[in-house]
Structures are given as structure tokens and as C-alpha cells.
Amino acid sequence: MERLGYYNGKYGPLEEMTVPMNDRVCWFGDGVYDAGPCRNYHIFAMDEHVDRLFRSAAALRIEVPVSKQELKDLLNRLVHEMDTGDLFVYYQVTRGSGLRKHAFTDTPANLWITLNPAKVPDGIKPIQLVTTEDTRFLHCNIKTLNLIPSVMAAQKAEEAGCAEAVFYRPGNIVTEGAHSNIHILKDGTLYTHPTDNLILPGIARAHLLGACRALGIPCREEAFTLDQLFDADEVLVTSSSNLCRHADMIDGRPAGAKDPALYERIRSWLLDEFRTATK
Ligand code: PLP
């Protein structure tokens, strides 16, 4: 199969799948998701992603309708139905189905899965970014399906010919990207926003910190400002689908790309880790 869609036990070509209109995700975006890459039919960092999905669900009092092991077994089985083993593996759990009513419906949660062909890029080519005010809510650590500000920010980036939008909050504090985490390197040290309620604790971010530890690069999990972003030696953008990339332009101004040797050590370490785990 080229693209797969799964809903509560039924699956088939994604384009042919339909879902009930009263799934609460349609009314309220009432659900959580997680996603990550698969290479050579090996799903990368699956335990970390599945653990985060269950944490997101628990934070919203959604009971995932399968166990962690059942979900992993299902994902592993479905990827083998695909024409290619290089995929983006996406799954979401929504709070059941019912007539529109804000308070919870007393129905079991729904499990969705989509599999689409995708390859993780090598991260060599720099990307361009735009900044935009972070108007999201205060639960950004939960990976919910309420993504309107991220959609608007990603569109702003796309219209500017950029790969990602960088969110900032009052005080010009950089939080994260519309669908990635943002970090800087300055004088050989990595700075990254702490994993509080203002950012998603990215799996690729965790691997970046692991890379820095392995390479002896000091890390400071503390917030940095837009000024620091523009003044950084390197601006790093991490996400599961793109692993690690660096930027050379922000809001049309040159930025980062001033310590390519350090970036290269990090980039190649992360790519090696990914390739070795998915051989
Ligand atoms: N921050 C946001 C808002 C995201 O949507 C994502 C990925 O979807 C990330 C960060 C990166 O997270 P991860 O590295 O787990 O893919």
C-alpha cells in the first residue's frame, strides 16, 4: 500500500478511508497525537513516542483504547503492509464519538493511524525561518490536536518561502517552532528552552541533548530571547520528521551558520544514531 489509513481496527488506502462525523475531534479537536519516522521498516524511537502519547492522553483524561505494547505491535504490523519502509508514522487518540456536548462523552476513545512515505533529510542544507508571536495556550507540553496557531504560523512561513516559524512570547522569549523545537549554539554552548508548559518536549530535542552530552558540548536548558536568536552562532531546528537542521536566515536577515564545524559534529552524530537504529 502506498498510503495507509487506520481507524478503530479498519484500515485501507488512506484516500478511501472515512471517519464518523461525530468523532469528538471534529467538534473540539478533542484528542492527542504523536508521530515519528520509520526507516527500512524500523520505527525510530517508538518507545519514546508511545510513552509521550500516553502522557498526553493521561493529561487530558483520555483512556487510550489499547496498551502501549498493543499499539507498538500494531504499528510494527502495519508498516509491513507498505510499499516502502521509509515512512512517517502518525497516530492519534480522540475522546470517543457522540453528539456535540463539551463535557466528556461516555464512549471509548478512537484510535487513528496514518502511514505516508517520507524520508528524513540529512540536515546539510540550511533552512530559512520567520518569527511570529506565540499566541497558543499554556499547555504546549501536551501534544493535542488543537493546532490552529501552528497552522497559521506554518502558513506564514510557507508564504515567506521559509521552512519553519519561530514562536516568541512576551519579553521576546523564543519558545519553539510551529512544528519543531528551536535551539541556539553560542560560544560552544547549546541553549534550549526548558521543558515546561510552553513547549513540547520534543523527542528529537532529547536526542539533540544526548548528542551534545556524547560530544562534550555544554547544554543550558534556559530560555533565550529573539536578540540571542539573531546573535547566535548557529540556530538549530529539531523535529522527528526532519531530525536536525540549521538556519542561515531569519525574517529575511542573515542569522546563524557561523559555527558550521560544531553544527556538523552534532548533525552527523544524530544522523549516525538514526541510521544505526534503523539499519
Ligand atoms: N514542537 C512542536 C510544537 C511540534 O509540533 C513538534 C513536532 O511535531 C516538535 C516541537 C518536535 O517534537 P519531536 O521532536 O518529538 O517531533
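Start with the contacts. Take those in the protein between residues at least 6 apart in sequence: 71% of them join residues at least 24 apart. The model behind this count is predicted.

Now the elements. The protein has 7 helices and 16 strands. Its radius of gyration is 19 Å, close to the 19 Å that the globule rule gives for 279 residues, so the protein is as compact as a globular protein of that length. Along the principal axes, the C-alpha atoms fill a box of roughly 55 × 40 × 30 Å.

Turn to burial and surface. Of the 279 residues, 52% are buried, that is, under 20% relative accessible area. The protein exposes about 12900 Å². Carbon and sulfur atoms supply 53% of that area. As for charge, there are 30 positive and 37 negative charges. Their mean positions lie 2 Å apart.

Next, a sheet. Strands of a sheet pair through backbone hydrogen bonds, either parallel or antiparallel. Here 6 strands form an open sheet, and the pairing is antiparallel. Read across it, the order is β2-β1-β6-β5-β3-β4. Which strands stand at the edges? They are β2 (10-13) and β4 (42-43). Each has a single partner strand, so one side of each is left without a neighbour in the sheet.

Finally, look inside the sheet at one pair. Strand β3 covers residues 31-39 and strand β5 covers residues 87-94. The two run antiparallel and are joined by 8 bridges.

Key:
Residues numbered from 1 in each chain as written. Predicted model: local features only at pLDDT ≥ 70, side-chain atom pairs only at ≥ 80, totals over all residues. Heavy atoms only, no water. Helix = DSSP H or I, 4+ residues; strand = E, 2+ residues; numbered from the N terminus. Rg over C-alpha atoms; globule rule 2.2 N^0.38 Å. Buried < 20%, exposed > 50% of the residue type's maximum accessible area, 1.4 Å probe, protein only. Contact = heavy atoms within 4.5 Å. Areas by Shrake-Rupley, 256 points an atom, 1.4 Å probe, with all protein chains shown as cover. Lys, Arg positive; Asp, Glu negative; His and termini not counted. Charge placed at Lys NZ, Arg CZ, Asp CG, Glu CD. Pairing = 2+ DSSP bridges.
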